[in-house]
Amino acid sequence: MAEKAGHPLVKVILESVIHDSGKHASICQALIDVDAGEAPRRLDLDMAKAVELHQSVKQHIRVESEMIERLESMVEAAEDDRVVELLRFMLEDERRHHRLLTGLSNLLDRDEAALDEYMRLFQAFMIVPPG
């Protein structure tokens with residue numbers, strides 16, 4: 001579908017939406033696997049791996065924060081309403097990522113977290129429907 005767009009901006013928007021849909025399907029499948037007992041219900045990492053993962057998530061939170069600041073500046077500077085609309089869409093996405101990663105970081109900062117805590121986190125950010 002995206003190849004037929006004929007315009008680079010339309011193509012990249014379509015590719016982005018298709019990519020997001022694939023990511024959402026992967027997250028839902030992982031949740032189904034956990035719920036079915038095919039994956040552990042608790043995140044059980046040794047301390048070194050947990051610290052490494054937590055640091056990685058925190059680093060990405062910093063990157064997301066920088067991107068949010070850049071996009072906010074771009075929204076303010078943009079004069080074309082169509083550009084502003086696309087920038088705001090990206091800004092909302094980055095803010096949602098930031099909140100999701102912050103919640104995940106808070107869970108990783110604890111010794112253990114149950115599936116229902118991850119489900120509440122994912123539902124809060126509309127990744128999966130309330131169940």
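In which helix is glutamate 94 found? Glutamate 94 is found in helix α3, which covers residues 81-108. Helices here are DSSP runs of H or I with at least four residues, numbered from the N terminus.

This is a predicted model, in which local features need pLDDT of at least 70 and side-chain atom pairs count only at pLDDT 80 or more, while totals for chains, interfaces and linings use all residues. Residues are numbered from 1 along each chain as its sequence is written, and side-chain values use heavy atoms, with hydrogens and water left out.

**Confidence**

pLDDT is the predictor's confidence in each residue, from 0 to 100. The mean for the protein is 82, and 79% of its residues reach 70 or more. Among the elements, α2 has the highest mean (92) and helix α4, residues 115-124, the lowest (64). Where pLDDT is low, the predicted coordinates should not be read in detail.

**Two buried glutamates**

Glutamate 94 is buried (under 20% relative accessible area, against over 50% for exposed and in between for partly exposed, with a 1.4 Å probe and protein chains only).

Leaving aside residues up to four places away in sequence, glutamate 64 touches Glu94, His97, His98 and Leu101, where contact means heavy atoms within 4.5 Å. With neighbours within four places left out, glutamate 94 is in contact with Glu64, Met67, Ile68 and Leu71.

**Salt bridges**

The whole structure has six salt bridges, including these:

| Pair | N to O distance |
|---|---|
| Lysine 11 and glutamate 15 | 3.9 Å |
| Aspartate 20 and lysine 23 | 3.0 Å |
| Arginine 95 and glutamate 72 | 2.6 Å |

Arginine 95 lies in helix α3 and glutamate 72 in helix α2, so this pair ties together parts that are 23 residues apart in sequence. Lysine 11 and glutamate 15 are four residues apart in helix α1, and therefore separated by about one helical turn. Aspartate 20 and lysine 23 are three residues apart in helix α1, also about one helical turn. Aspartate 20 is buried, with a relative accessible area of 18%, whereas lysine 23 is partly exposed at 34%.

Definitions and conventions: Helices (H or I, at least four residues) and strands (E, at least two) are DSSP runs, numbered from the N terminus. Lys and Arg count as positive and Asp and Glu as negative; His and the chain ends are not counted. A salt bridge is a side-chain nitrogen of Lys or Arg within 4 Å of a carboxyl oxygen of Asp or Glu.
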